[in-house]
Amino acid sequence: MAKNCNFRNYGCGRNLTHFKTRENLANRVRQAEGRGTAIRDKTISALGNLAGYLKENHGHRTLEKCTPEQMAGWAQHLRKSGLSASTTSSYVSAANRVVELVGRKDLRLSAWKEGLARGLKYSNEDRSISPVERDAFKEWLSGKASLTGDIRYEALSHSIDLQASGGLRRRESIRTSPQDNRPEDGRLFLGRADGTKNARPRESQILDPAAFERAAAFQARHPEFDGSLIPANMSMKQYIGWLKDVQRAYEAETGRKAPGYHGNRHWYAQERYAQ
């Protein structure tokens, strides 16, 4: 996305205290993510808050002069602002989208580390897949990989581990590249390239970092999976279709109901809640 923005003025103005600059940046974010006006309005508001902080505390009003330390200072300012957790978290998310857009990923903030995360949502309804069900499915996948020589089955097994280890959604678990995006301090940052919902940046606490190391090693052995856990010769739509075929084949061959991929994310949520 950054190539669409001239770094001198982001292709739409440099001074964040100017409403038009904030509006243009927000519109670029909205267009890039294919979203509605709500994200534009949140981005304008977040940039306004950031601009005021930078002007008052650091004497400038641009992302070009901004440093990671100044962004951390803004996060501290938000913590003390009296704004709701929902608002401060959305401000951080909006700022992360903008800095990614203009090629300043070094300015991204972790809402969790900065104490601005909204917190876990929990439902008493347990829709998780048990480890026994998950292991049975993975054992079947391993057998199919050995029988057919199709390494997509092995790649899918790694995706399932990422779902259970990091609470990744199905799309995230196949779009992310563990070889390029590994957990840091037990947390994983996910962005547009990782297939996040509505392209929203988010972060997740990792239960088993070794699962990402194993997946990264798999990618290193198989260059056709460079960049994601989807083979290079398949589109996302084709691969999702194949995943559904795999579930149907599992049910036909074993007589058992195939575990839904989202159930691993529910299991992760249960484990996190228990902690």
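1. Burial is used throughout in one sense: a residue is buried when its relative accessible area is under 20%, exposed when that area is over 50%, and partly exposed in between. The model under discussion is a predicted one. By this criterion, buried residues account for 47% of the 275 residues in the chain.

2. Overall architecture. The chain contains 10 helices and 2 strands, and its elements follow the order α-α-α-α-α-α-α-β-β-α-α-α along the sequence. A box of roughly 65 × 40 × 30 Å, taken along the principal axes, is filled by the C-alpha atoms. Among contacts with a separation of 6 or more, 63% come from residues 24 or more positions apart.

3. The strand pair. Strands E1 and E2 are paired in the antiparallel sense, with 4 bridges between them. Phe189 has Glu203 in E2 as its bridge partner. In a regular strand, side chains alternate between the two faces of the sheet.

4. Ser204. Which residue meets the side chain of Ser204 in a polar contact? The partner is Tyr268, side chain to side chain, at 3.2 Å. Ser204 belongs to strand E2 and counts as buried because its relative accessibility is 4%, under the 20% limit. Leaving aside residues up to four places away in sequence, Ser204 touches Gly166, Gly167, Gly186, Arg187, Leu188 and Tyr268.

5. The second largest pocket. This pocket holds about 580 Å³ of space. Its lining comprises 19 residues, and those nearest the pocket centre are Arg108, Asn181, Glu184, Leu188 and Phe189. Which element gives the most to this lining? Strand E1, residues 187-190, does, with 3 residues. Sorted by class, the lining has 12 charged, 3 polar and 4 nonpolar residues.

6. Asp194. This residue sits in the loop between E1 and E2. Is Asp194 buried or exposed? Asp194 is buried, because its relative accessible area is 10%. The side chain of Asp194 reaches the backbone nitrogen of Gly191 at 2.9 Å. Beyond residues up to four places away in sequence, Asp194 touches Arg171, Glu172, Arg175, Thr176, Ser177, Asn181 and Phe189. Two of these, Asn181 and Phe189, are also named among the residues nearest the centre of the second largest pocket. As for distance along the chain, Asp194 and Arg40 are 154 residues apart, and their C-alpha atoms are separated by 22 Å.

7. Asp185. Most residues other than glycine have a negative phi. Asp185 has a positive phi of about 55 degrees, although it is not a glycine. Asp185 is placed in the loop between helix H7 (170-175) and E1, and counts as exposed because its relative accessible area is 71%.

8. Ala32. Helix H1, residues 19-33, contains Ala32. Ala32 is classed as partly exposed because its relative accessible area is 29%, which falls between the 20% and 50% limits. Ala32 and Thr62 lie 30 residues apart in sequence, and the C-alpha to C-alpha distance between them is 21 Å.

Methods:
Residues are numbered from 1 along each chain as its sequence is written. This is a predicted model: local features need pLDDT of at least 70, side-chain atom pairs count only at pLDDT 80 or more; totals for chains, interfaces and linings use all residues. Side-chain values use heavy atoms; hydrogens and water are left out. On a 1 Å grid over the protein atoms alone, a cavity is a set of points where a 1.4 Å probe fits but cannot get out, and a pocket is an open set with protein on both sides within 12 Å along at least five of seven lines; lining residues have an atom within 4 Å of a point. Grid points are joined across faces, edges and corners, and a volume is the space filled by probe spheres set on the points. Ala, Val, Leu, Ile, Met, Phe, Trp, Tyr, Cys and Pro count as nonpolar, Asp, Glu, Lys and Arg as charged, and the others, Gly among them, as polar. Two strands pair if DSSP finds at least two bridges between them. Buried means under 20% relative accessible area, exposed over 50%, partly exposed in between (1.4 Å probe, protein chains only). A polar contact is a pair of N or O atoms within 3.5 Å; within protein, one must be able to donate a hydrogen and the other to accept it, and residues adjacent in sequence count only if both atoms are side-chain atoms. Contact means heavy atoms within 4.5 Å.
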